[in-house]
Amino acid sequence: MSIAFRPMQTDDLAQVHAIECAAYPFPWSVGNFADCLTSGYLCEVLLEDDTIQGYSVVASMVDEAHVLNCCVAPEAQGRGLGRQMMHHLMMGLPDMLGSGHGPLTSLLLEVRPSNAAAIHLYTDLGFCEIGRRRDYYPTADGREEAVVMRYPA
Ligand SMILES: CC(C)(COP(=O)(O)OP(=O)(O)OC[C@H]1O[C@@H](n2cnc3c(N)ncnc32)[C@H](O)[C@@H]1OP(=O)(O)O)[C@@H](O)C(=O)NCCC(=O)NCCS
């Protein structure tokens with residue numbers, strides 16, 4: 001299996017959105033991804049043998065970057081792809097953002113407290129919880145808070 005990363009393109013949106021719908025109970029719309037592309041967010045796809053199996057979306061502001069989405073196709077989960085994608089982001093973001101961007105001091109993300117796999121992964125990679133956002137995520141019967149995590153701690 002060969003793993004590669006490249007910038008997300010408009011032509012990828014149907015495949016990306018199919019994965020999004022399979023992976024999340026409350027998926028982003030195609031328009032959400034399109035807006036991220038036109039806003040200049042760092043949007044990448046993970047290719048396994050030339051097939052899109054994951055993607056990430058990162059917004060950056062001054063010295064902080066914010067992971068807005070990080071997802072692996074359900075059938076490809078549990079094989080280390082999520083770890084590789086996050087590692088790729090954590091190591092490569094300064095280069096990907098380019099020399100016009102100042103030095104990054106931290107990487108932030110939100111995660112559902114119920115998302116044990118993601119919290120396990122982020123914690124193992126060195127992220128620490130720095131707070132909670134109330135009523136952040138929709139659920140079947142209301143809202144769920146978000147755990148806010150930062151790297152480095
Ligand atoms: C979170 C996600 C990106 C992880 O990707 P993945 O490819 O499945 O993760 P990996 O195979 O790299 O595994 C990462 C770690 O999570 C662990 N893990 C997997 N499922 C787990 C579970 N149910 N409970 C606890 N840990 C779990 C793995 O054991 C692994 O840790 P290890 O290397 O110490 O064994 C993926 O599950 C996903 O896309 N989920 C749906 C979208 C989502 O929730 N994204 C995160 C939003 S904040």
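Figure 1. The structure shown here and in the following figures is a predicted model. In α3, the buried residues are Gly82, Met85, Met86 and Leu89. An α-helix has 3.6 residues a turn, so residues three or four places apart point the same way. Further along α3, a kink of about 55° lies at Met91, shortly before the proline Pro94. The residue that follows α3 is Gly98, and its phi is positive, near 90°.

**Figure 2. Ser56, a residue of strand β3.** Ser56 belongs to strand β3. Is Ser56 buried or exposed? A residue is classed as buried if 20 or more other C-beta atoms lie within 10 Å of its own. Ser56 has 23 C-beta neighbours inside 10 Å and therefore counts as buried. When neighbours within four places in sequence are left aside, Ser56 is in contact with Glu44, Val67, Asn69, Cys70, Met85 and Leu89. Two of these contacts, Met85 and Leu89, are also buried residues of α3. Ser56 and Ala34 are 22 residues apart in sequence, and their C-alpha atoms are 13 Å apart in space.

Figure 3. Strands of a sheet pair through backbone hydrogen bonds, either parallel or antiparallel. Strands β5 and β7 run antiparallel and are joined by 5 bridges. Across this pair, Leu108 stands opposite Arg150 in β7.

**Figure 4. The hairpin of β2 and β3.** Strands β2 and β3 pair in the antiparallel sense over 7 bridges. Within this pair, Val45 stands opposite Tyr55 in β3. The hairpin has 2 residues between the strands, and Asp49 takes a positive phi near 50° there. Most residues other than glycine have a negative phi, and most peptide bonds are trans. Asp49 is a residue other than glycine, yet its phi is positive. Asp49 counts as exposed because it has 9 C-beta neighbours inside 10 Å, and the limit for an exposed residue is 12 or fewer.

**Figure 5. The hairpin of β3 and β4.** Strands β3 and β4 also pair in the antiparallel sense, over 8 bridges. Ser60 stands opposite Ala65 in β4. Which residue takes a positive phi in the hairpin of β3 and β4? In this hairpin, with 2 residues between the strands, Val62 has a positive phi near 50°. Val62 is not a glycine, and it lies in the loop between β3 and β4. With 9 other C-beta atoms within 10 Å, Val62 is exposed.

Figure 6. Strand β6 (residues 128-139) has 12 residues, of which the number buried is 0, so β6 lies largely in the open. β6 is joined to strand β7 (residues 142-151) by 8 bridges, and the two strands run antiparallel. One of the residues in this pairing is Arg133, whose bridge partner in β7 is Ala146. A hairpin through 2 residues joins β6 to β7. Pro152 is found in the segment after β7. The peptide bond from Tyr151 to Pro152 is cis, with omega near -10°.

**Figure 7. The shell around the ligand.** The ligand is surrounded by 21 residues, and the closest are Gln77, Gly82, Arg83, Ala117 and His120. Two or more residues of this shell come from each of β4 (64-72), α3 (81-97), β5 (106-111) and α4 (116-124). Which element gives the largest share of the shell? That share, 6 residues, comes from α4. By class, the shell has 12 nonpolar, 6 polar and 3 charged residues. Among the closest residues, Gly82 is also one of the buried residues of α3.

Notes. Residues are numbered from 1 along each chain as its sequence is written. This is a predicted model: local features need pLDDT of at least 70, side-chain atom pairs count only at pLDDT 80 or more; totals for chains, interfaces and linings use all residues. A residue is near a molecule or strand if its C-beta atom, placed from the backbone, lies within 6 Å of it. Helices (H or I, at least four residues) and strands (E, at least two) are DSSP runs, numbered from the N terminus. Ala, Val, Leu, Ile, Met, Phe, Trp, Tyr, Cys and Pro count as nonpolar, Asp, Glu, Lys and Arg as charged, and the others, Gly among them, as polar. Two strands pair if DSSP finds at least two bridges between them. The bend at a residue is the angle between axes fitted to the seven residues ending there and the seven starting there. Two residues are in contact if their C-beta atoms, placed from the backbone, lie within 7 Å.
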